[in-house]
Amino acid sequence: DADWAQFVLRLENMRQAIINGNRNGMIINLTGDRYVLDAAMEIAEDFLVNKLPVDLGNPAPPTPDFRSVEHPWVAPAREEMKGAFSSQDEGIAVPTQVAYVAEGGRMYDVGEDVSGSASVVSHYLSTGYMWDVIRAKNGAYGAYSKFSSVDGVGTFFTYRDPNTPDTTLGLFNGAAQSVLDDVESSALTRDSNAAITTAIIGTIGGLDGSALSPRAAGWEALIRHLYGESTISRQRHRNEILKTTVDDFIDYAQRVKSWRDQSIAIVASLSAFNEMKSRTGQELSVLVQANADQEEDQSGEL
């Protein structure tokens, strides 16, 4: 913050990027009533086309569609992240009596079609196995299953978890099998299954949610534009959710069992990490905060 010369240089670089950038690659996100947008659009378009400075001696090349072409920043950013985060499994040691445990992995390859049914099975795990086994039986304040249809990554995580991290990781390992066991025991069936219907309703409820504020609606519209989501693609995703079958549950469970690029992230006390290492031999890259060897009262917030 004290290096103002460097700060000014960064601002100048940003200015040059704007001036030298191709106009068809610039996005202005505006949210408002129709009459407000109609009035603002004329001014915004005039600003981009006529008022924004242009370096005529160095015309910008057309902006590629980065949904189909990798952005030039991606490769160097990926390499830098590999160097900065060399360990897939990481932990943070803090003074606490509870733990926050997360495990995830890639379930779909890049470019592979992801069915909306995957979100239904993830919801089923959150309200079923994760709730019953990790929350109700083993005392975690929160336990969830999440799935991202954007990158095909599934995640299990707990919040204010009184169990040792390795115990929770062991419970995570049973999640996929619990789905297959439910299929075998007819808790999940192919005909008029109430459990699947309940999971579908819960997933749709999470998808629709409550009415968004104007600011949130504008942000959501921008994200959808950047992702390339259309009304048609969102409706297709919704239809796939509504058509979820027991076969989709089996497919999801098998993908969890064989997920790739698996990684673990844990926030716990230093003693919990030491106990985990002594019991399992598993060693994480642990960032130790000051006084991490002291345990705070369990009712305190992290």
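**Terms and their grounds**

Reply: T203 is buried, since its relative accessible area is 9% and buried means under 20% relative accessible area, exposed over 50% and partly exposed in between (1.4 Å probe, protein chains only). The model is a predicted one, in which local features need pLDDT of at least 70 and side-chain atom pairs count only at pLDDT 80 or more, while totals for chains, interfaces and linings use all residues. Residues are numbered from 1 along each chain as its sequence is written, and side-chain values use heavy atoms, with hydrogens and water left out.

Me: Where does T203 lie, and which residues does T203 touch?

Reply: T203 lies in helix α7; helices (H or I, at least four residues) and strands (E, at least two) are DSSP runs, numbered from the N terminus. Not counting residues up to four places away in sequence, T203 touches S119, V120, H123 and I241, where contact means heavy atoms within 4.5 Å.

Me: What makes the approach of T203 to A199 a polar contact?

Reply: A polar atom of the T203 side chain lies 2.7 Å from the backbone oxygen of A199. A polar contact is a pair of N or O atoms within 3.5 Å; within protein, one must be able to donate a hydrogen and the other to accept it, and residues adjacent in sequence count only if both atoms are side-chain atoms. The distance of 2.7 Å is within the cut-off of 3.5 Å.

Me: Why is the pair of D261 and R106 called a salt bridge?

Reply: The closest N and O atoms of D261 and R106 are 3.7 Å apart, and a salt bridge is a side-chain nitrogen of Lys or Arg within 4 Å of a carboxyl oxygen of Asp or Glu. The pair therefore ties together parts that are 155 residues apart in sequence, because D261 lies in strand β5 and R106 in strand β2 (residues 100-106). D261 is exposed at 53% relative accessible area, whereas R106 is partly exposed at 22%.

Me: What parts does the salt bridge of R260 and D109 tie together?

Reply: The closest N and O atoms of R260 and D109 are 2.6 Å apart, and the two form a salt bridge. R260 lies in strand β5 and D109 in the loop between β2 and α4 (117-137), so this pair ties together parts that are 151 residues apart in sequence. R260 is partly exposed at 34% relative accessibility, and D109 is partly exposed at 44%.

Me: How many salt bridges does a search of the whole structure find?

Reply: The search finds 11. Among the salt bridges is that of R78 with E70, whose closest N and O atoms are 3.3 Å apart. E112, D251 and R255 are linked in a network of salt bridges.

Me: What makes β1 a partner of β5 and of β6?

Reply: Two strands pair if DSSP finds at least two bridges between them. Strand β1 (residues 90-93) pairs with strand β5 (residues 260-268) in the parallel sense over four bridges. Four bridges also join β1 to strand β6 (residues 285-288), again in parallel.

Me: Which residues of β1 form the covered face, and which the uncovered one?

Reply: G91 and A93 form the covered face, E90 and I92 the uncovered one. In a regular strand the side chains alternate between the two faces of the sheet.

Me: How is the interface between domain 1 and domain 2 described?

Reply: The domain assignment gives domain 1 (1-71) and domain 2 (87-288), with bounds from an automatic or database domain assignment. Four residues from domain 1 and eight residues from domain 2 take part in the contact. About 490 Å² is buried between the domains, 59% of it given by carbon and sulfur atoms; buried area is the accessible area (1.4 Å probe) that two parts lose on being put together, summed over both. In domain 1, I27, N29 and R67 lose the most area to domain 2, together 79% of what that side buries. Across this interface the rule finds zero salt bridges.
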